[in-house]
Amino acid sequence: PLARNEEEARTGRLRPLRHVAQALGAGAVALAHQQDDQAETVLMQLLRGSSRAGGMAAWRAPFWRPLLSVPRSALQAICSGEGLAYSIDSTNRSDEFLRNRLRTHVMPLLRRENPQVDAALGRYARMRQEDERELSRTAAAYCERLPVLPGGIDLRTIPDLPRPMARRIIWRLARERGLLLEAARVDKAIESLSLGRRHALGPGLRIESGALWWGLARPD
């Protein structure tokens, strides 16, 4: 069946590669995403309001992207010089998809303002990922130390933390309960903790009396 959107198409492409890697016992699958793709991905994430706009990861098992710092033009030049044929997906010319619209209409404008904008966005993605890894590691360690309650977790110390750390702790705890929160909802949860207000995060998950609760009604 045809994919309904870009994300579904991406998942559909990667699924068979993952299965083949498992069947072969391969430790990695190398993908050909390059610097231009990374720049477009960062812009897509920013436009969609993602608070984690770090582009594509160079390594997320089993997928390896070794060419993220190489411009598309350089790869095309290598192919031409070596007489290697390559194909271009015909759907890349369609304005139906956001990535194509950015590639065709937005990136040329940005390159006129800064010819190195692709490399700049790539550096931003790399540094953003490094920051995220370190903050996430620290948040995970903090989560391990939070007092566990019957049906909940005590979060009274969270409002005193730096906001970037508090965000990641709330996001991580909600994800562990099967709920992926957008940045605005995470900030609302932190605000509710600070003010002692009750706040519903999602089905069966809520902030109340300085704690995160799930399932049954909060015990006295």
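A residue is called buried when its relative accessible area is under 20%, exposed when over 50%, and partly exposed in between. The model discussed here is predicted.

**Helix H2**

Helix H2 runs over residues 35–47 and so has 13 residues by the DSSP assignment of helices. From first C-alpha to last, H2 reaches 19 Å, close to the 18 Å expected at 1.5 Å a residue. Eleven of these 13 residues are buried, and H2 is therefore largely enclosed by the rest of the structure. The buried residues of H2 are Gln35, Asp36, Asp37, Gln38, Ala39, Glu40, Thr41, Val42, Leu43, Met44 and Gln45.

Both ends of the helix have a local feature to note. At the start of H2, the backbone nitrogen of Asp36 has a side-chain oxygen of Gln34 within 2.9 Å. Just after H2, Gly49 adopts a positive phi of about 80°.

**Salt bridges**

Side chains of opposite charge can pair when their charged atoms come close. A salt bridge is counted here when a side-chain nitrogen of Lys or Arg lies within 4 Å of a carboxyl oxygen of Asp or Glu. By this rule the count comes to 17 salt bridges. Three of them are set out below.

| Salt bridge | Closest N to O |
|---|---|
| Arg72 and Asp36 | 3.4 Å |
| Glu132 and Arg128 | 3.1 Å |

Arg72 forms a salt bridge with Asp36. Since Arg72 lies in helix H3 (residues 72–82) and Asp36 in helix H2, the pair ties together parts that are 36 residues apart in sequence. Asp36 has a relative accessibility of 10% and so counts as buried. Both residues also belong to a network of salt bridges that links Asp36, Asp37, Glu40, Arg72, Arg99, Arg103, Arg111 and Asp118.

The salt bridge between Glu132 and Arg128 lies within helix H5 (residues 117–145), where the two residues are four apart and thus separated by about one helical turn. Glu132 and Arg128 are both buried.

**Helix H7**

The 13 residues of H7 should span 18 Å at 1.5 Å a residue, which agrees with the 19 Å between its end C-alpha atoms. The buried residues of H7 are Val186, Ala189, Ile190, Ser192 and Leu193. Seen down the axis of H7, these buried residues fall within an arc of 160°, so they line one face of the helix. What covers the buried residues of H7 includes H6, strand E6 (199–202), strand E7 (205–208) and strand E8 (211–214).

Glu191 has its place in helix H7, and at 36% relative accessibility this residue counts as partly exposed. Although Glu191 and Pro159 are 32 residues apart in sequence, their C-alpha atoms are 7.8 Å apart in space. Just after H7, Gly196 takes a positive phi of about 70°.

Conventions
Residues are numbered from 1 along each chain as its sequence is written. Side-chain values use heavy atoms; hydrogens and water are left out. The expected span of a helix is 1.5 Å times one less than its number of residues. Buried means under 20% relative accessible area, exposed over 50%, partly exposed in between (1.4 Å probe, protein chains only). A polar contact is a pair of N or O atoms within 3.5 Å; within protein, one must be able to donate a hydrogen and the other to accept it, and residues adjacent in sequence count only if both atoms are side-chain atoms. The arc is that of the directions from the helix axis to the C-beta atoms. Contact means heavy atoms within 4.5 Å.
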